[in-house]
Amino acid sequence: MKTAQAPVGGQAIVEGVMFQNATHAVSAIRRNDDTIETFEQKKPIRPRIAVGKKIPLIRGLFALVESSANGASHMNFASDRYGVNPGEEEPEEASQGQLTKWLGVAVLGVLSFFFGKLMFTLLPAFLASLFSYFPALSGHVIQNVLEAVIKLTLLFSYLYLISLTPLVKRLFQYHGAEHKVINCVESGRPLTVENVRTSSRLHYRCGSSFLIFTVIVGFFVYLIVPTDPLWLRLVCRIALLPVVIGLSFEVLQLTNKAQNIKGLRVIALPGLWLQYLTTKEPDDSQIEVAIYAFEALEKQEHNLHENALG
């Protein structure tokens, strides 16, 4: 089997996987009667976002908006269809209702990310400031170190605790299946359950690596602004949040380019380590769903080429 001509991205959804390329996105889920159902969608053309994604430093923000918008309808599909018994589906909503729902979830996804990032930024800054009463821990650099350590502790603890819940554990298993399929395809091996099973569940392009890069990049960015008084520290953290997100996206892009360069692969290690928490080993039935989704995406791409050729 050939490797994909262009990079393929994906994400885990409720009881399934979504894969996307430049033109299409396809989801596959395992329904409660054990059948596999797909949802296929042509990605809309958004000229402004396409232009924004070409501008360094701010393209990460545009990529975040696009990712949330593209994933909204697929997340809805998975959550709406999985728990419904076949034959009991409700009639589809009117197109205007679907559009409103799609936009609502997209906006909610972006706002949820920024709110979560804001909380994981301000809370560690506040907690670190409590240690400033000790002279040995009151210096500018040591305060930034403490803040970064607290962020990492909160991030890893949060991911570990939620991974213990059955729903999130299965979501992380599908996340692992998504990575395994992409790694299998990119290695040029036939896309079979056996080959996918032996592929790595870690991947350089994983968006979850972005989370840890925001902590590392934030540490260096925040060194240029004061840590005292506390109110100024918090204001600076809020003001520089878009800068941290933009730079972290550039680092994520760099890790993908450097994965085959000895000496530079080390910059990707923190993101790969985090994936040991955000991915779990999938079972064969989950791998089958991921393969089904990827092959459905390939079929869409093949049909697109056939139509282009007339």
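These notebook entries record what I looked up in a predicted model of a single protein.

**Entry 1. Overall content**

I began with the secondary structure of the protein, which comes to 10 helices and four strands. I then read the order of the elements from the N terminus, and it runs β-β-β-β-α-α-α-α-α-α-α-α-α-α. For burial, I noted that buried residues make up 42% of the 310 residues.

**Entry 2. The strands**

I followed the strands in order. Strand S1 (residues 9-13) pairs with strand S2 (residues 16-20) in the antiparallel sense, over five bridges. Within this pairing I located glycine 10 opposite phenylalanine 19 in S2. S1 and S2 form a hairpin with two residues between them, and in that turn glutamate 15 has a positive phi of about 55°.

S2 in turn pairs with S3, again antiparallel and over five bridges. Here I found glutamine 20 opposite alanine 25 in S3. The hairpin that joins S2 to S3 passes through three residues.

The last pairing I recorded is that of S3 with strand S4 (residues 36-42), an antiparallel arrangement joined by seven bridges. Serine 27 has phenylalanine 39 in S4 as its bridge partner. The hairpin of S3 and S4 has five residues between the strands, and aspartate 34 there takes a positive phi near 80°.

**Entry 3. Burial of S3**

I asked how many residues of strand S3 (residues 24-30) are buried. The count is seven of its seven residues. In general, side chains in a regular strand alternate between the two faces of the sheet. I therefore listed both sides of S3, since all of the residues on them are buried: His24, Val26, Ala28 and Arg30 point one way, while Ala25, Ser27 and Ile29 point the other way.

Which of the two partners is buried and which is exposed? Arginine 30 counts as buried because its relative accessibility is 11%, under the 20% limit. Aspartate 34 is exposed because its relative accessible area is 53%, over the 50% limit.

**Entry 4. Helix H5**

I checked the length of helix H5 (residues 166-186). At 1.5 Å a residue, its 21 residues should span 30 Å, and the end C-alpha atoms are 30 Å apart, which agrees. Just after H5, I noted a positive phi of about 85° at glycine 188.

**Entry 5. Salt bridges around glutamate 281**

The count for the protein comes to 11 salt bridges. I examined the contacts of glutamate 281. One of them is a salt bridge with lysine 180, the closest N and O atoms being 3.1 Å apart. This pair links distant parts of the chain: glutamate 281 lies in the loop between helix H9 (269-278) and helix H10 (284-309), lysine 180 lies in helix H5, and they are 101 residues apart. Lysine 180 counts as buried at 2% relative accessibility, whereas glutamate 281 counts as partly exposed at 44%.

The side chain of glutamate 281 also meets that of arginine 201 in a salt bridge, at 3.5 Å from N to O. This pair, too, links distant parts of the chain: arginine 201 is in the loop between helix H6 (193-197) and helix H7 (209-222), 80 residues from glutamate 281. Arginine 201 is buried, with a relative accessible area of 15%. I recorded separately that salt bridges with shared partners join Glu147, Lys151, Arg233 and Arg237 into one network.

**Entry 6. Annotated segments and a surface patch**

I consulted the UniProt annotation, an unreviewed entry, in which "transmembrane region" covers residues 102-128, 148-168, 206-225 and 231-252. I compared two of these segments with the model. Residues 206-225 are 70% helix and 0% strand, with the end C-alpha atoms 30 Å apart. Residues 231-252 are 100% helix and 0% strand, and their end C-alpha atoms are 31 Å apart.

Finally, I looked at a nonpolar patch on the surface. Leu123, Phe126, Leu130, Phe131, Tyr133 and Phe134 form this patch, with about 630 Å² of accessible area together. Tyrosine 133 is found in the loop between helix H3 (95-130) and helix H4 (140-163). At 69% relative accessibility, tyrosine 133 counts as exposed.

Key. Residues are numbered from 1 along each chain as its sequence is written. Side-chain values use heavy atoms; hydrogens and water are left out. Patches are made of residues with over 30% relative accessible area and no salt bridge: like charges are joined within 9 Å, nonpolar side chains (Val, Leu, Ile, Met, Phe, Trp, Tyr) within 5 Å. Accessible areas come from the Shrake-Rupley method with a 1.4 Å probe; for residues, only the protein chains shown count as cover. A salt bridge is a side-chain nitrogen of Lys or Arg within 4 Å of a carboxyl oxygen of Asp or Glu. Buried means under 20% relative accessible area, exposed over 50%, partly exposed in between (1.4 Å probe, protein chains only). Two strands pair if DSSP finds at least two bridges between them. UniProt positions are given in the numbering used here, feature names are shortened, and annotations may be inferred rather than shown by experiment. The expected span of a helix is 1.5 Å times one less than its number of residues.
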